[in-house]
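Open the model in your viewer and keep the selection tool ready.

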Amino acid sequence: MIEALNEIFSSNRVKTDADTLAQWGRDWTRSFKVAPAAVVFPQTTEEVVALVRLAMNRSIALVPSGGRTGLSGGAVAGNGEVVVSFDRMNRILEFEATDRIVRCQAGVVTQALQQFAAEQGLFYPVDFASSGSSQVGGNISTNAGGIKVIRYGLTRDWVAGLKVVTGAGEVLELNRGLVKNATGYDLRQLFIGAEGTLGFVVEADMKLAAAPEPQTVMVLGVPRFQDVLAVLGRFQQDLSLTAFEFFSELALTKVMAHRKLRRPLAVPAEFYALVEFDSSLTETAGAVFEACVEQGWVTDAVISQSDAQAADLWALREGISESIASYTPYKNDVSVRISQVPSFLEEVDRVVALAYPDLEVCWYGHIGDGNLHLNVLKPATLDGEAFYERCHHISPRIFEIVARHGGSISAEHGVGLLKRDFLGYTRSPAEIEAMRAMKTIFDPKGIMNPGKLFA
């Protein structure tokens, strides 16, 4: 197999050494074994096509690898697969100012796309803590969301077209950047969020937006979780928000210790809300804050006076995932309709309190779009495998609550390996069978990221 790979790629782009296999065979999850056979680094679509056709002929499983910032095991190679890294397919290919569309290769880093947009006087709004290392292809394959969904939507909303290589070795050009295209099935949408199980994204036409006006950030102390939603509703009455995030006091203490940050408010609160809005609305936001204090929903707040201060306040939220990584957290990334959040969280909190009385549970999330992150932190004294099994055993009780509220077991991190066994809590048997049928069409040999989404 290695000889065949070397015929497609130059020898320095086929790696089999232990360090490379360990690094490129995993994502940010640390709960799964890593055992790829090789890592390859294509530079062109033609090389990806040649690789897929070789894999078809020899029944070689392929696992796509972008920035490997995923949190569900979607990029884990644990069974002798060939990892396909898109690190070298990282070029901006063309830009059409009239359309505000940029064509880029799958390996372009999210932050690089944001910087390119800024150089054109435009804006790419999909943003998250891993923007400095995540890649566009991975964002598309997981339909990444992030911190500005409340105003700008998900990655799906910014994909104008795709070039993909299917599991049958065929190249498909999907939608070609068109605004209107009423010609039947929009196959582009199938590949967004498919986690590489139908084929690999190699190029994407990404839409850009007009540059926003300067933003102001406010962090508020909220004593009761049910009041976080009341604060959201009150702010949305008078302001168009760019972001509305929340995090717990435990999450704040972890990020302050990890990044050596200062406490934002003099008196701790059980929860915190982070609000971002147009700076021209700062006076209005101040009035809304006063109204929230009068209602007893908020105890105190701090508001940014500069871009640097805004960045410092955002660090309190965006640094949480990094700050708890050393605890090997078991992550639950769930969503319900915004109106369902208070009752949902109350039910989940009861289950968590009973299931994990001896463990720290860290809450935070994008509450403005109904997305909650529940992270169970592993104590240093507990074996990793035992910890994973314990949490995995409790997850169905949480997902039963998700199902009762009509929610999703994975809001933005994908299904991968971590949520594969629980897909039925969000998708009906008929939906899962339809998904399997689609995989058979696009990936007849079952070589594209096998074992992810469903077994």
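The tour starts with the overall view and then moves to aromatic side chains.

**Whole chain.** This is a predicted model. Show the cartoon first: the protein chain has 15 helices and 18 strands. Its radius of gyration is 22 Å, close to the 23 Å of the globule rule for 455 residues, so the chain is as compact as a globular protein of that length.

**Surface and inside.** The protein chain exposes about 19100 Å², and carbon and sulfur atoms supply 50% of that. Buried residues make up 56% of the 455 residues. Now colour by charge: there are 42 positive and 53 negative side chains, and the centres of the two sets lie 4 Å apart.

**Aromatic pairs.** Next, show the rings. The count comes to 15 aromatic pairs. Select Phe86 and Phe200: this pair is edge-to-face, 6.0 Å centre to centre, with 85° between the planes. Phe86 sits in the loop between strands S4 and S5 and Phe200 in strand S10, so the pair ties together parts 114 residues apart in sequence. Phe86 counts as buried at 5% relative accessibility. Phe200 counts as buried at 2%.

Move to Phe225 and Phe271. Their ring centres are 5.5 Å apart and their planes at 70°, so this pair is edge-to-face. Phe225 belongs to helix H8 and Phe271 to strand S14, so the pair ties together parts 46 residues apart in sequence. Both Phe225 and Phe271 are buried.

**Last stop.** Select Phe32, Tyr330 and Tyr388: ring pairs link them into a cluster.

Conventions
Residues numbered from 1 in each chain as written. Predicted model: local features only at pLDDT ≥ 70, side-chain atom pairs only at ≥ 80, totals over all residues. Heavy atoms only, no water. Phe/Tyr/Trp six-rings, centres within 6.5 Å; stacked < 30°, edge-to-face > 60°. Helix = DSSP H or I, 4+ residues; strand = E, 2+ residues; numbered from the N terminus. Buried < 20%, exposed > 50% of the residue type's maximum accessible area, 1.4 Å probe, protein only. Rg over C-alpha atoms; globule rule 2.2 N^0.38 Å. Areas by Shrake-Rupley, 256 points an atom, 1.4 Å probe, with all protein chains shown as cover. Lys, Arg positive; Asp, Glu negative; His and termini not counted. Charge placed at Lys NZ, Arg CZ, Asp CG, Glu CD.
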